[in-house]
Amino acid sequence: MKKNTFYLFGGCIALVLLAIFWYSVETHLPPLLIESAFIIAIGISYLARKKVTDLIEDERSARITEKAALRTFQVFWVVFCAISIGAVMNMLYIPQLPRQRFSEPSQEILPREILPPRMMGYLQLGLLCLMIFLYVGFRIYYARKYGDWETDEE
Amino acid sequence: MKNKIKVFRAMHDLTQEDLAQIVGVTRQTILAIEKGKYVPSLDLAFKIARHFKVNIEEVFTYSEEGRTIDVD
């Protein structure tokens with residue numbers, strides 16, 4: 001398989017995934033369908049990548065990938081842990097009976113706002129986007145550092 | 001790490017693409033090594049030196065903090 005064919009194939013897989021996602025949302029299907037479709041799509045992509053004949057992966061590109069992945073992980077786990085600690089605090093929130101309730105019974109005391117599960121989904125989506133942006137950013141940085149855009153003198 | 005790949009290439013009348021194909025890397029990697037942007041692995045350094053039929057020290061020179069130290 002040629003490199004361009006592989007990219008075209010990847011695009012088709014992405015379109016199919018998008019269609020499944022849309023269909024699942026529209027018809028209120030359980031999320032298991034898109035989840036398993038995503039895992040299968042990634043598996044197919046990896047298998048298809050192995051069939052590409054004109055894609056040279058040398059030690060420099062491996063180093064760029066390795067460095068970018070490591071730096072992404074180093075930044076991401078800190079952000080992820082900080083947000084997860086916040087989420088755990090929300091989970092462990094126990095409503096209290098403040099003294100104010102007895103001293104001023106007329107005044108309504110609202111419980112602390114707890115992050116709803118839907119918001120956790122958005123938060124996860126945000127984290128995923130952050131991870132992708134971090135990886136792309138670090139990849140560009142290291143590709144530049146290891147001479148990806150060096151001009152040729154020949 | 002400094003190197004004389006460009007000199008050896010010229011001596012053997014090889015383009016970056018030719019050398020890249022011989023040692024199994026991309027042309028961009030050879031370019032990055034020549035420009036000192038990327039330090040090759042020992043494996044690749046040996047492959048390049050062996051292709052030019054010279055010792056590795058003749059192609060690559062170790063330099064530290066702006067100071068050049070010849071390995072040999």
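Axes are lines fitted to C-alpha atoms, for helices over the stretch in contact, and angles between N-to-C directions run from 0 to 180 degrees. Helices are DSSP runs (H or I, at least four residues), numbered from the N terminus.

This is a predicted model: local features need pLDDT of at least 70, side-chain atom pairs count only at pLDDT 80 or more, and totals for chains, interfaces and linings use all residues. Residues are numbered from 1 along each chain as its sequence is written, chains are lettered from A in the order in which they are written, and side-chain values use heavy atoms, without hydrogens and water.

**Helix pairs**

Two packed helices are described by the angle between their axes and the distance between the axes. Here are two such pairs.

| Helix pair | Angle | Axis distance |
|---|---|---|
| Helix 1 (residues 3–26) and helix 2 (residues 32–50) of chain A | about 175 degrees | 10 Å apart |
| Helix 2 (residues 16–23) and helix 3 of chain B | roughly 110 degrees | within 8 Å |

Angles over 145 degrees count as roughly antiparallel, and 65 to 115 as roughly perpendicular. Helix 1 and helix 2 of chain A are therefore roughly antiparallel. Helix 2 of chain B is roughly perpendicular to helix 3 of chain B.

Contact means heavy atoms within 4.5 Å. In chain B, helix 2 brings B:Gln16, B:Glu17, B:Leu19, B:Ala20 and B:Val23 to the contact. Helix 3 answers with B:Arg27, B:Ile30, B:Leu31 and B:Glu34. By class, these residues are five nonpolar, one polar and three charged. Ala, Val, Leu, Ile, Met, Phe, Trp, Tyr, Cys and Pro count as nonpolar, Asp, Glu, Lys and Arg as charged, and the others, Gly among them, as polar.

**Between the chains**

Chain B gives 19 residues to the contact, and chain A gives 15 residues. Together they bury about 1500 Å², with 42% from carbon and sulfur atoms. Buried area is the accessible area (1.4 Å probe) that two parts lose on being put together, summed over both. B:Lys35, B:Lys37 and B:Tyr38 supply 38% of the area that chain B buries against chain A, more than any other three residues.

Across this interface of chain B and chain A, the rule finds zero salt bridges (a side-chain nitrogen of Lys or Arg within 4 Å of a carboxyl oxygen of Asp or Glu).

Key:
Helix = DSSP H or I, 4+ residues; strand = E, 2+ residues; numbered from the N terminus. Parallel < 35°, antiparallel > 145°, perpendicular 65-115°, else oblique.
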